[in-house]
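Which residues take part in them, and where do they lie?

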Amino acid sequence: MAVRRLFALVVLLAVAGVSALVLSDRLLIATLKAAVAAGSDYRLQVDNPSIQWMPLRFSSSLLLLKPEADNAQPLFALQQILLEGSPWALLTGDTTGTLRVSNLSLYIDETAPGGRPEATTLLRPLSLFPDTVAIDTLHLIDRREDVWIFPLVELASQRCADGRMALSAITGSTEAPLRLEAVITAHADSGGIGALDISAAALGHGYNSALTLQGSVEAADDNLLYDLAIKGAYAQVSDFL
């Protein structure tokens, strides 16, 4: 069954490549939706898409990746998307390009019938991001007994020549925002990203306070394995509360 689904995914992606060059935007989006459905347990929703070729310019008001169940929370949702780059990079998996998004919401719903998504599923979309990413707001939404929301603003990432990714963001707290900076090295396996090496810092008010983090995160099926060391130097502990 797995081999059959993989073969169907390869065929549909090849059709998507041909569609991108000779067929309408509507047919291309329909082919991409079919490819996602054939290769995973998720469904792709794309609202108000617009595609321009040579150079590539793709925009959409909303893009969702969600489980098959109608009432399930999506894995992620992107709003007001603009992707620019080369169509050849898109077809070959090259990450050259720029992605701008007004809002990205990532959902982890442990109350859903399938429970928390596998860790490898959560990390896999990172390998698809282009070299330059700018996101106005990001919300990590974790639903257990209660709903926990962690907001970030002005999220930016840039993939370096050596493959590392440099990120920066500001926490959404208006009272005591923190500036976050990180350098991440991704290690791929046959299913996509399998582990991350992380060097990060959280800088407090006036940058007189800082927490630094070094270590790694590894995806193993439905678990995330952490090996992290945290050090702090702060003028007042309230900078991080």
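At 41% relative accessibility, Arg100 counts as partly exposed. This holds for a predicted model. The structure has 5 salt bridges, and Arg100 takes part in one of them, with Glu84 as its partner.

| Pair | Closest N and O atoms |
|---|---|
| Glu84 and Arg100 | 3.0 Å |
| Asp131 and Arg159 | 2.8 Å |
| Asp162 and Arg164 | 2.8 Å |

**Glu84 and Arg100.** The salt bridge between Glu84 and Arg100 ties together parts that are 16 residues apart in sequence, because Glu84 lies in strand 4 (residues 76–85) and Arg100 in strand 5 (residues 97–109). Glu84 is partly exposed, with a relative accessibility of 27%. The pair also belongs to a network of salt bridges that links Arg57, Glu84 and Arg100.

**Asp131 and Arg159.** In the salt bridge between Asp131 and Arg159, the closest N and O atoms are 2.8 Å apart. This pair links distant parts of the chain, 28 residues apart. Asp131 sits in the loop between helix 4 (119–123) and strand 6 (132–143), while Arg159 belongs to strand 7 (residues 147–159). Is Arg159 buried or exposed? Its relative accessibility is 18%, so Arg159 counts as buried, the cut-off being under 20%.

**Asp162 and Arg164.** Asp162 and Arg164 form a further salt bridge. Asp162 counts as exposed, at 52% relative accessibility. Arg164 has a relative accessible area of 36% and is partly exposed.

Conventions: Residues are numbered from 1 along each chain as its sequence is written. This is a predicted model: local features need pLDDT of at least 70, side-chain atom pairs count only at pLDDT 80 or more; totals for chains, interfaces and linings use all residues. Side-chain values use heavy atoms; hydrogens and water are left out. A salt bridge is a side-chain nitrogen of Lys or Arg within 4 Å of a carboxyl oxygen of Asp or Glu. Helices (H or I, at least four residues) and strands (E, at least two) are DSSP runs, numbered from the N terminus. Buried means under 20% relative accessible area, exposed over 50%, partly exposed in between (1.4 Å probe, protein chains only).
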